[in-house]
Amino acid sequence: MGFPLLFALLLVCGQPLFARSFKLNYEGNLKADFAEHTRPPINPAAETLGASFQQNAAYLNNWTAALGFSAWNEFVYKSERFSGQQAARDDSHDVRVRNAFVQYHSNRLMLKLGNQQVVWGEAFGFFFSDIVNPKDLRNGLNHDFSDIRLQMPMTNAKFVFGNFSLQGLAVHRPQFNLLPSPGNDFAFPYQKSLAMADVQVAREAAKPLSLPNQEYGVRASALMDGLDLALFYFNYFDRMPWYTVEPHPTSLVLQEHHSRVNTAGLTATQELNGFVIRLEGLRTAGRALPVIVPSGLSSVTLDNSVYVVEIDAPAWNKFNFGVQWSQDILAHAPSGLLRPKTDSMASLHLQRPLLNSHSLELLYTYDVADFGHRIQAGYVVPLSKSVESRLGGEIYSGPLASQFGQISQVSRAFVFLKYFMRH
């Protein structure tokens with residue numbers, strides 16, 4: 001018959017089977033975020049337009065793939081008010097590939113290759129055990145955490161044996177947190193701390209693709225009599241930077257660097273009489289932190305431990321609420337360190353569904369170490385099956401030296417609109 005003819009015959013005869021076995025769908029959204037500062041000077045805090053799109057494909061029952069993109073533009077940082085500031089250049093827009101992977105899954109094996117996000121830990125409000133993917137923190141934390149996480153190219157394999165699973169990760173091109181640049185509302189006040197009129201930060205966005213830069217992690221989890229327990233280990237480059245001072249004739253330039261660290265941790269979740277109790281604990285060795293010295297800025301290498309206890313109560317009169325206590329402890333605290341040795345925070349999360357699918361959300365955090373406060377409130381209003389609006393505000397307060405008080409100018413009221421696309 002000949003190979004070309006045989007191939008054509010198989011292609012024609014196999015089309016109905018291929019059509020039944022291959023499925024395509026897409027999802028995406030359009031977003032608009034408008035905010036106004038609530039403390040003088042009263043002016044626009046955000047005028048952001050964004051979009052994301054992801055094409056999904058599935059073949060038979062075992063293969064899936066995705067290719068996604070996202071983009072946003074912050075018009076406030078392009079206004080005359082921010083002319084010449086680093087935030088106008090580095091924090092005003094973003095375009096990137098997000099989920100872009102191929103995945104095979106069966107009853108016992110999941111193998112995913114490509115750009116993806118991996119979440120370890122479920123505590124609310126902050127990223128405690130969520131250490132794998134870097135975060136985009138240029139617009140604060142009052143957003144969906146899945147949008148804040150930055151996907152990275154990695155190999156992710158998970159083996160399942162009944163109530164036990166074992167996951168292995170290899171990150172091929174490490175990337176790092178995108179911190180707010182000088183001039184950004186959420187930026188650390190570098191000028192005040194370093195007594196300099198002009199401070200610039202040179203980001204280290206990623207490490208080159210090479211064998212020495214590979215990162216490796218493993219996570220084992222088990223479900224035992226209602227207790228969901230997981231142990232993990234990750235050898236990686238710290239997502240948070242330390243700095244060196246680069247000479248420049250007109251400004252102080254801080255060059256980001258990222259130390260190689262390793263983190264071992266544990267997470268546990270247990271339900272008791274309707275209460276859900278979550279515990280997280282992790283210890284990181286070899287973390288480099290910036291310190292202020294007489295000559296300017298330096299760094300010190302420390303180990304730190306983080307402990308988190310969260311209790312989510314059963315619904316009461318439709319109210320869902322949870323409380324959380326966390327401690328971030330350094331091995332020691334040399335003078336000039338830009339944070340306390342022990343940073344303890346208490347948080348309360350409250351949510352209540354209302355009529356017509358409306359809902360009210362509240363997150364309150366109190367920093368016991370420096371007496372700072374953060375309040376985030378939102379009222380979600382579905383406008384249609386495809387459009388959702390969110391009204392609310394953020395309030396940051398406390399002593400000027402506290403991590404929330406030093407960015408009190410961030411306080412704002414906002415309106416957020418989101419249009420969903422699915423097929």
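**Before you start.** This is a predicted model, in which local features need pLDDT of at least 70, side-chain atom pairs count only at pLDDT 80 or more, and totals for chains, interfaces and linings use all residues. Residues are numbered from 1 along each chain as its sequence is written, and side-chain values use heavy atoms, leaving out hydrogens and water.

**Stop 1: paired strands.** Select residues 215-224, strand β9, and residues 227-237, strand β10. They run antiparallel, joined by nine bridges. Helices (H or I, at least four residues) and strands (E, at least two) are DSSP runs, numbered from the N terminus. Two strands pair if DSSP finds at least two bridges between them. Pick R219 and look across to F232 in β10, which stands opposite. Now go to the hairpin of β9 and β10, with two residues between the strands. There D225 takes a positive phi near 50°.

Select Y236 and its bridge partner in β13, V261.

**Stop 2: salt bridges.** How many salt bridges does a search of the whole structure find? The search finds 17. A salt bridge is a side-chain nitrogen of Lys or Arg within 4 Å of a carboxyl oxygen of Asp or Glu.

Select R239 and E215, whose side chains meet in a salt bridge at 2.8 Å, N to O. R239 lies in the loop between β10 and β11 (242-246) and E215 in strand β9, so the pair ties together parts 24 residues apart in sequence. Buried or exposed? R239 counts as buried at 4% relative accessibility, and E215 is buried at 0%. Buried means under 20% relative accessible area, exposed over 50%, partly exposed in between (1.4 Å probe, protein chains only).

Next, select K31 and D147: their closest N and O atoms are 3.6 Å apart. This pair links strand β1 (residues 22-37) with helix α3 (residues 145-148), 116 residues apart. K31 is partly exposed at 22%, and D147 is partly exposed at 29%.

Then show D94, R96, D136 and R138, a network of salt bridges.

**Stop 3: S305.** Select S305 in strand β15 (residues 296-312). S305 is buried at 5% relative accessibility. Its side chain makes a polar contact of 2.7 Å with that of R283. A polar contact is a pair of N or O atoms within 3.5 Å; within protein, one must be able to donate a hydrogen and the other to accept it, and residues adjacent in sequence count only if both atoms are side-chain atoms.
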